[in-house]
Amino acid sequence: MVIAVVILLLVISSLLFHFFSPWWFTPIASNWTAIDQTINITFWVTGVVFVAVNLFLAYVVYRFRYNKKRKADYDPENRKLEGWLTVLTSIGIIAMLTPGLFVWADFVNVPADASEVEVVGQQWHWSFRLPGEDGKLGRTAIPLINQNNPFGIDPEDPHGQDDVLINSNELHLPIEHPVKVLLRSKDVLHNFTVPQFRVKMDLVPGTQSYLWFTPTLLGRFEILCLELCGIAHYTMRGHVVVESERDYQTWLNQQPTFSQSLARISREISAGQQMYTTCIACHGANGEGNSTIGAPALAGQERDYLNRQLHYFRNNIRGGSDDDIYGRQMLPFAAMLADDTAVANISRYLNSLPPVTVTQSTEHRGNVSVGRELYQNCAVCHGELAQGNYAQKAPKLAGQHTGYLKRQLENYQRGIRGTHPQDMYGSQMILMSKLLHDDRAIDDVLAYIAILQPVK
């Protein structure tokens, strides 16, 4: 009897929670009300089955409760009951699947007047590409992706020269205009989701998926990645701003094209070269660094990494610890860079320099064979040849002074570097550095890195 009552209370509480729960759909902001309707049909079908099954279970528990004067009947088959269950189950499945098939047919058939936008996902960032005046997106290729061409656009394709590049996490769209979203991943599996639009689709490396929708409400809506894509998956967010056609065109006219980006790169390199004169005393005329004074080699280093570290120094995210003697020396020099543009220019110039061969210290000698095995944990981010990884925002290690690398690993292990709340990548390195349990392990992995040749 008690069990039957508990089952009834479970049914009643589940229904009350469903109808009065504050956790419900966000207000819809696109044309896909049919998706909500399909989900509601599924709720009704499964809800009715849930109630019916549990009420029947409660009845059976009560009706056939233990009675020592009653014997159970053995009835291995009941063709009539099996027939009814088969029919009712089939009806329920058809009721759930049929509306979804009609919605899916609409979902995969894009209107002829839909504009295109490409969404590119990478750990852990969104970027966007729009066709230019010719209305066509240029060809792309994975081998062409680099810091100067993050979308991998073929420079020989005339359709790509006027492509509009959005390197921020914010995409603008005009209201009441259908848009086809082309989805591409640079690294691992991601998922593009805007809850208010009721659309979601995986970004699969090596292929291109798509979805389409028509924004129907003005506003700012969050883009989420709903596929676990790595340690910083939770940070992979962006926004879609839906605005009037006039405001959209104003925003669009402010965005650079691919050809403009290439021209800007040349200007930034030239400006960065002039600024670098104040850095030569420590880092060398060719960015080769100076192991005697603890200055790292900077030539050919990942631009995003350089940009990030200079920002860290300027904002006391790095170099703020009293124990970071060399880091504190960088603070006044970083402060001499007037603004973000200056930081970007000098980072661009240093990245453009050809890699140099540095003279490695013989103070710490390790076992190359052991270091090769230990380095496999590092290769995930820094590359098999320690060449750095643009997509992972990981710096180049090959060609770097081993004394500098050793000091940074020790700083991570001791909490001198990477503990600031805004240093997301630093907090990751603290965990990874602790995989090297002692000085011998550090020397071994550095011995292996030292034999790797720097590449551009």
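**Close-up views of a predicted model**

Ala386 counts as buried because its relative accessibility is 0%, below the 20% under which a residue is called buried. The model shown in these views is a predicted one.

**View A. The loop that holds Ala386.** Ala386 belongs to the loop between helix H11 (376-382) and helix H12 (402-414). Although Ala386 is not a glycine, its phi is positive, at about 55°. The buried state of Ala386 follows from its relative accessibility of 0%.

**View B. Arg198 in the loop between strands E6 and E7.** Strand E6 (190-194) and strand E7 (199-203) are the elements on either side of the loop in which Arg198 is found. Arg198 is a residue other than glycine with a positive phi, near 60°. Is Arg198 buried or exposed? Arg198 counts as buried, because its relative accessibility is 12% and the limit for a buried residue is under 20%.

**View C. The cis peptide bond between Gln123 and Trp124.** The peptide bond that joins Gln123 and Trp124 is cis, with omega about -5°. Trp124 is placed in the loop between strand E1 (115-122) and strand E2 (125-130).

**View D. A negative surface patch.** Four residues form this patch: Asp73, Asp75, Glu77 and Glu82. One of them, Asp75, lies in the loop between helix H2 (33-63) and helix H3 (79-108). Asp75 has a relative accessibility of 53% and therefore counts as exposed, the cut-off for that class being over 50%.

**View E. Strand E10 and its pairing with strands E4 and E9.** Strand E10 comprises residues 237-243. Of its 7 residues, 5 are buried, so strand E10 is largely enclosed by the rest of the structure. Strand E4 (residues 170-174) runs parallel to E10, and 5 bridges join the two. In this pairing, Glu170 stands opposite His239 in E10. Which sense does the pairing of strand E9 with E10 take? Strand E9 (residues 219-225) pairs with E10 in the antiparallel sense, over 6 bridges. Here Gly219 stands opposite Val242 in E10. In a regular strand, side chains alternate between the two faces of the sheet.

Conventions: Residues are numbered from 1 along each chain as its sequence is written. This is a predicted model: local features need pLDDT of at least 70, side-chain atom pairs count only at pLDDT 80 or more; totals for chains, interfaces and linings use all residues. Side-chain values use heavy atoms; hydrogens and water are left out. Patches are made of residues with over 30% relative accessible area and no salt bridge: like charges are joined within 9 Å, nonpolar side chains (Val, Leu, Ile, Met, Phe, Trp, Tyr) within 5 Å. Accessible areas come from the Shrake-Rupley method with a 1.4 Å probe; for residues, only the protein chains shown count as cover. A salt bridge is a side-chain nitrogen of Lys or Arg within 4 Å of a carboxyl oxygen of Asp or Glu. Lys and Arg count as positive and Asp and Glu as negative; His and the chain ends are not counted. The place of a charge is taken as NZ of Lys, CZ of Arg, CG of Asp or CD of Glu. Helices (H or I, at least four residues) and strands (E, at least two) are DSSP runs, numbered from the N terminus. Buried means under 20% relative accessible area, exposed over 50%, partly exposed in between (1.4 Å probe, protein chains only). Two strands pair if DSSP finds at least two bridges between them.
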